[in-house]
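Q: Hey, I'm new to this one. Can you walk me through it?

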Amino acid sequence: MTEQRLSESALKLWAAVHWITSLGLIILTVVIWIIVSVVEGPLSQLLILPASLLIIAMCTHAYIKVFWSKFKYYYDDNELRVSSGVWWQKQVLVPFSRITNIDLRQGPMQRSRKLATLKIQTAGQGATNVAEILLFSQENYEELRDTLISQVSNLQFQLPTDGTLDSTQRNPAANLPDSISGILNVLDKIEKNTRKE
């Protein structure tokens, strides 16, 4: 199990987006301050607002750097583990057998730096449409996605060493409890009846 971290490109991208947004807010605040001071006279107290925004921007930049340094993930043959968090540390452990979907998301700035975010959904999370795991701004995103998909595929359908299928692999319903198996039988009958009509 090797430790993976966010790339330096991800940090630079986050910092660039953050500073562009922060500078836009500071400039907007200064423009409003100038307009108000021209209309109402000198208001030196309003200079506190742009200075406060600058301090907040610097603190947010420090937070981004700490988040970047704390975010790491590991994977082996059976599971994916993601650790993150600045104030509260969070560790998510997802067995590959629970992964149902892996999406790639790329914004325009990510595309320009050849980065993408992997959005990993698991069984039970699909109803909320919220990813259980986000692997932010990955450089080798296609390779990582293909590796994770192959791990999921290997766990979902493993052939025995002699190359034959045992009875549970030929009929996956054989592993299910009787109540679920009964429900599947009823659904099969309903499907056959609707095809006849």
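This is a predicted model: local features need pLDDT of at least 70, side-chain atom pairs count only at pLDDT 80 or more; totals for chains, interfaces and linings use all residues.

Q: How many helices and strands are in the protein chain?
A: The protein chain has 6 helices and 7 strands. Those are DSSP runs numbered from the N terminus: helices are H or I with at least four residues, strands are E with at least two. Along the sequence the pattern goes β-α-α-β-β-β-β-α-β-β-α-α-α.

Q: What share of the 197 residues is buried?
A: Buried residues make up 27% of them. Buried means under 20% relative accessible area, exposed over 50%, and partly exposed in between (1.4 Å probe, protein chains only).

Q: Switching topic, how many salt bridges are there?
A: The count comes to 2, taking a salt bridge as a side-chain nitrogen of Lys or Arg within 4 Å of a carboxyl oxygen of Asp or Glu. Arg81 pairs with Glu79, with the closest N and O atoms 2.5 Å apart. Arg145 pairs with Asp146, and there the closest N and O atoms are 3.6 Å apart.

Q: Why would they pair up at all?
A: Side chains of opposite charge can pair when their charged atoms come close.

Q: Is Glu79 buried or exposed?
A: Glu79 counts as buried because its relative accessibility is 18%.

Q: Okay, what about Gln110? Where is it found?
A: Gln110 is in helix 3, residues 108–112. Gln110 is buried, with a relative accessible area of 12%.

Q: What does Gln110 touch, leaving aside neighbours within four places in sequence?
A: Its contacts (heavy atoms within 4.5 Å) include Leu13, Arg105 and Ser137. Ser9 is 101 residues from Gln110 in sequence, yet their C-alpha atoms are 9.4 Å apart in space.

Q: Last one: which residues form the nonpolar patch on the surface?
A: Ile183, Leu184, Val186, Leu187 and Ile190, with about 430 Å² of accessible area together. Patch members have over 30% relative accessible area and no salt bridge; like charges are joined within 9 Å, nonpolar side chains (Val, Leu, Ile, Met, Phe, Trp, Tyr) within 5 Å. Areas come from the Shrake-Rupley method with a 1.4 Å probe, and for residues only the protein chains shown count as cover. Ile190 lies in helix 6, residues 178–196, and counts as partly exposed because its relative accessibility is 46%.

Technical notes:
Residues are numbered from 1 along each chain as its sequence is written. Side-chain values use heavy atoms; hydrogens and water are left out.
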